[in-house]
Amino acid sequence: MRGSVKRTIGWLAWGAVSAVAAVALGVVALDRGEAINSMWLVLAGACTFALGYRFYGKFIAARVMALDDARATPAVRLRNGHDFEPTNKWILFGHHFAAIAGPGPLVGPVLAAQFGYLPGTLWIIAGCVLGGAVQDFTILVASMRRDGKSLGEMARQEIGRLGGFTALVTVLLIMIILLATVALVVVNALKGSPWGTFTIAATMPIALFMGLYMRYVRPGKVLECSLIGFVLVVAAIFGGQAVAQSATLAPVFTLTATGLATAVVIYGFFASALPVWLLLAPRDYLSTFVKLGVVFMLAVGILVVRPSLQLPAFTRFTDGTGPIFGGKVFPFCFITIACGAISGFHALISSGTTPKMIARESHAWPVGYGSMLLEGFVALMAMIAASVMQPGVYFAVNAPAGVVGATPAAAVATISSWGFPVTAADMESLARAVGEKTLFFRTGGAPSLALGMAHIFAGAGGRAVLGFWYHFAIMFESLFILTLIDAGTRVGRFMLQDTLGHVAKPLGRTSWMPGVIATSGAIVAAWGYFLYQGVRDPLGGINSLWPLFGISNQLLAAVALCVATTILIRMHGARYLWITGIPLAWLVVVTFTAAWEKIFSPLARVGFLAQASQLAARLGAGGLTVAQAAEARRVIFNDRLDAVVCGAFLVMVATILIDSVRVWAGVLRRRG
Amino acid sequence: MKALKKIGGMLMALLRELADESAYRRHLAAPGRMHSGAEWRRFSDERLRRRYERAKCC
């Protein structure tokens, strides 16, 4: 009797959650005219995620993956106190979430907001529940059942050697594009900003101090040292304000985009060759704690301030004429959101440390499926942060000079003519409030995200603290992007050394300095080239690099879903093929369409080859100065290179897909 | 109050796990190992080497 009452109460509670989700989604999707409150997005996301977790996630856990606590996990069987260690599920949940949360879910939604808040919001909610969380969860369980094997190893084992090798090369290429893209985000956030540049520059000696402190002064006291590091970083933010106001120091820390790109490239080279304990690890500890703290603060800030959304549900740019990046809402919204809905990189984490720490099979459900839903929530918060700004301000910050006009007067005239009124005086006042000279043409998403976050954080403290919160947000974003650059360059070097070691043995040795220097240099040169290309792009760079990154990341997700589908077919035949098959089919359609358009679209704002042809025609017609002609030749070459890279991604993933289909057909035939 | 304490405890445990302090404690639990600067450096070098062989998430 008591059991049936409890069950009835449970069903009533879930019925209420469903009703709230339906109402909130209805308001978000159908309300037009008046600005809606951000709480409707929070409610729609929270309730749908709760339902997805409780019903869809549980269905996959119980029926499809058949999680069984009686089966010993590798953490229990192979326990060694290091990698393999049974860990409390909520601690592991936090650990896994900290590992998957990067700049992608923060920057992607901010850029996708150019279509309005609705397309991105709906994709984040649906993509997470049906795609991203499914991918993370199934790969986590698959890896856990194979003693923590990596995605590449599973691809080789389940699909074949060709699939495994292609997955390895795909990851290396994706990493190069990823590093260039996130480096461009940092460069665009810091250019012409002595306050921001000083703060980030100060994090280097702070990290070095932390490294030495943890190694020699107080060995093992990582939390204590991270707290000291955090206090020093906050002091550096205040120091940055003083630097920005100093007539002597401000010019020293006011760098151009090219100067900053050079600094980031040099940093990347040295940081990836230095011992990890000295710079990378201390900053990584610090950035992890700051990241978790800021995500928590942003959630609390949104709940307390409950700001209204200023961006409309849809903007006119769904037709593909957007100033931030060219292309229609389908497919470009779906590749721009990237990690906020589904991310191939998560599959690398789900087949890395986490499967070796799961104490019981059932824990994979909250850790794998639940963490991705929380990441989706972070993406929703980023969407809210972008949407609480006046649309005119949002476009003035994010649109490149090459699209809206090179002067503030031209930019505000263009943006206002789109129906998003903004004045040069508004922009100047806002720039002054955050301690910047200008906020025009700050492409890349980070500055507008920082403005949105500062707006929310300062909701309680007024405009006086806007400058501090803006630079705190810039510091937070730059801190973990630099950690990503440092770690990514190092991993790229290992992968390259591993491959080159088959050709010349010394190159494969990670202790052989000439090999380390040569391979570090090669990786840095590869992503540095794309970074320079982005910095010098008259359309802001993000226009070409972010879609490339989005396409590559989603293609990696397609590889992971191929592996997961193969495993499901081996387990159940075609019965549950739809669980990973539907998101895989969607990703293939979206990414292949986006990649095809990026290569072959006849519109110069979208297609790489069309832009190259347009410039070639202008070059052929004559009338350009020598400098303009040289610039045009460089852009033509880069456009063609981008088209080749995009095509290479397509060929590699098509190879894995065809190989997978061959394997699936074989397995299904054998099962009869 | 009890629930708050539990949440606080869980939060501290998460921070210690993220800071590798829990892993170090497990490392020291093996027979014959005592905390020292050299022991921490040995543990940390091995742990960080393995960690940064893998890509960080975007």
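P331(A) is found in helix α14 of chain A, which covers residues 329–337. Helices, here and below, are DSSP runs of H or I of at least four residues, strands are runs of E of at least two, and both are numbered from the N terminus. A cis peptide bond, with omega of about 5°, joins F330(A) to P331(A). The model is predicted: local features need pLDDT of at least 70, side-chain atom pairs count only at pLDDT 80 or more, and totals for chains, interfaces and linings use all residues. Residues are numbered from 1 along each chain as its sequence is written, while chains are lettered from A and ligands numbered from 1 in the order in which they are written.

Most residues other than glycine have a negative phi, and most peptide bonds are trans. Two residues of chain A with positive phi are described next. A66(A), which is not a glycine, has a phi near 50°. This residue lies in the loop between α2 (38–64) and α3 (74–77) of chain A. A66(A) is partly exposed, because 13 other C-beta atoms lie within 10 Å. The classes are as follows: a residue is buried if 20 or more other C-beta atoms lie within 10 Å of its own, exposed if 12 or fewer, and partly exposed in between, with C-beta atoms placed from the backbone. F441(A), also not a glycine, has a positive phi near 60°. The loop that holds F441(A) runs between α20 (424–433) and α21 (446–457) of chain A. F441(A) has 23 other C-beta atoms within 10 Å and is therefore buried.

W418(A) is placed in the loop between α19 (408–417) and α20 of chain A. With 18 other C-beta atoms within 10 Å, W418(A) is partly exposed. W418(A) and T315(A) are separated by 103 residues in sequence, and their C-alpha atoms are 9.6 Å apart.

Helix α7 of chain A (residues 151–158) is mostly covered, with 6 of its 8 residues buried. The buried residues are L151(A), G152(A), M154(A), A155(A), R156(A) and E158(A). They pack against α6 (117–144), α8 (161–190), α15 (344–350) and α24 (542–572) of chain A. Just after α7(A), G160(A) takes a positive phi of about 145°.

The largest nonpolar core has 241 residues, of which A183(A), A396(A), L449(A), A454(A), V559(A) and V563(A) touch the most other members. A nonpolar core is a set of buried Ala, Val, Leu, Ile, Met, Phe, Trp, Tyr and Cys residues joined through C-beta atoms within 7 Å. Apart from neighbours within four places in sequence, V559(A) is in contact with A155(A), A167(A), T170(A), G344(A), V653(A) and I656(A). Contact is defined by C-beta atoms, placed from the backbone, that lie within 7 Å.

Chain B has 3 helices and 0 strands. Buried residues make up 26% of its 58 residues. The C-alpha trace of chain B spans about 40 × 40 × 15 Å along its principal axes.

Between the chains, 32 residues of chain B are in contact with 47 residues of chain A. On the side of chain B that touches chain A, α1 (2–18), α2 (21–28) and α3 (37–51) of chain B each supply at least two residues. The largest share of that side, 8 residues, comes from α3(B).

Note on methods. Two residues are in contact if their C-beta atoms, placed from the backbone, lie within 7 Å.
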